[in-house]
Amino acid sequence: MASSSTCRAWHCLLALFLLSSSAYGQLSPSFYAKTCPTLELIVRSTVTKAILVERRMGASLLRLHFHDCFVQGSFVGEKTALPNMNSVRGFGVIDEIKKNVELVCPGVVSCADIIAVAARDGVVLLGGPSWPVPLGQRDSTTASLNAANSDIPTPDYSLDQLIAAFNKHQLSPRDMTALSGAHTIGYSQCINFRDHIYNGTNIDPVFATLRKRTCPAQAPNGDTNLAPLDVQTPLAFDNAYYSNLVAKRGLLNSDQELFNGGSQDALVSRYVINPALFASDFVTAIIKMSKLSPPPGTPTQIRRNCRVINS
């Protein structure tokens, strides 16, 4: 599951363009080798430019990919989902990539595949692992605002709720814990962690005091003020997120639930001492997630504009 810089929680289940691969057949990293061979070069150059301007854009793009794989919908549907109001980012970068791709490969590459490659490149440019992106997805023709509002986990989710939410999409507890490491980059708004820092019992009091400096107790004061999801290295993709959890410095309650006397404590501890294991598990889980598809028969298309369905 995500993270944008200003996400309510990266594993919020975004109503973006979840896509069916049925019309394209088997997903493959070489899907566009003949029809759009310069795709990955175009994506990498555009993402590089965006991250040079603002490094936390890498987190925003990764968040979009996480959410794209969970809830069928569109840019518009997701942006108006209650948990994401005024917080979702990265659409402008996707628009720029789509425009550049359409100039050389018109009507060929889906928005879903563009966002998947952009997310991978954002992680790599912030120091994280690379992976072969399964390509050949298509764009949905429907938005799912209701699904976005009902399926998006909130920052106060318990471990059992998190496991159930990921299991719904054929992702194991290990997958969930590895994908949560996406919160090693990016930021979140005060509204998402206020209750945790003022009322939480599984939080380091010194860390809570630090976060209270920019997150007033009384809402809506400071609701949109930002804090890093990883207090150590918020703009570097590494395993510091898990060290934070062991020290009870998870920004969101749903983060800290991964290390709170439950079933994922041992795995979190392993990721702390073995960054290569985290990177490997993250890659395995994100490839697995990237292959998720909606039920057979779901209407799909190749969008000309990632924000709207083709007329």
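1. Cys215 counts as buried, at 0% relative accessibility. Buried here means under 20% relative accessible area, exposed over 50%, and partly exposed in between, with a 1.4 Å probe and protein chains only. Cys215 sits in the loop between helix 10 (205–212) and strand 5 (226–228). Helices (H or I, at least four residues) and strands (E, at least two) are DSSP runs, numbered from the N terminus.

2. On the model itself: it is predicted, local features need pLDDT of at least 70, side-chain atom pairs count only at pLDDT 80 or more, and totals for chains, interfaces and linings use all residues. Residues are numbered from 1 along each chain as its sequence is written, and side-chain values use heavy atoms, with hydrogens and water left out.

3. What does Cys215 contact, leaving aside its neighbours within four places in sequence? The partners are Cys190, Phe193, Arg194, Ile197 and Tyr198. Contact means heavy atoms within 4.5 Å. Ile191 is 24 residues from Cys215 in sequence, and the C-alpha to C-alpha separation is 8.1 Å.

4. The largest nonpolar core has 63 residues. Leu39, Leu62, Val101, Leu179, Phe282 and Ile286 touch the most other members. This core lies between domain 1 (38–152 + 292–301) and domain 2 (159–290), because both give residues to it. The domain bounds come from an automatic or database domain assignment. A nonpolar core is a set of buried Ala, Val, Leu, Ile, Met, Phe, Trp, Tyr and Cys residues joined through side-chain atoms within 4.5 Å.

5. A second, separate core has 11 residues, including Phe193, Ile203, Cys215 and Leu252.

6. Helix 13 (residues 265–273) and helix 14 (residues 275–290) have axes that come within 5 Å and cross at roughly 115 degrees. Axes are lines fitted to C-alpha atoms over the stretch in contact, and angles run from 0 to 180 degrees between N-to-C directions. Leu267, Arg270, Tyr271 and Ile273 of helix 13 meet Pro275, Leu277, Phe278 and Asp281 of helix 14. These contact residues divide into six nonpolar, no polar and two charged.

7. Asp68 lies in helix 2 (residues 57–68) and is buried, at 4% relative accessible area. Pro153 is in the loop between helix 6 (145–151) and helix 7 (159–167). Pro153 counts as buried, at 1% relative accessibility.

Key
Ala, Val, Leu, Ile, Met, Phe, Trp, Tyr, Cys and Pro count as nonpolar, Asp, Glu, Lys and Arg as charged, and the others, Gly among them, as polar.
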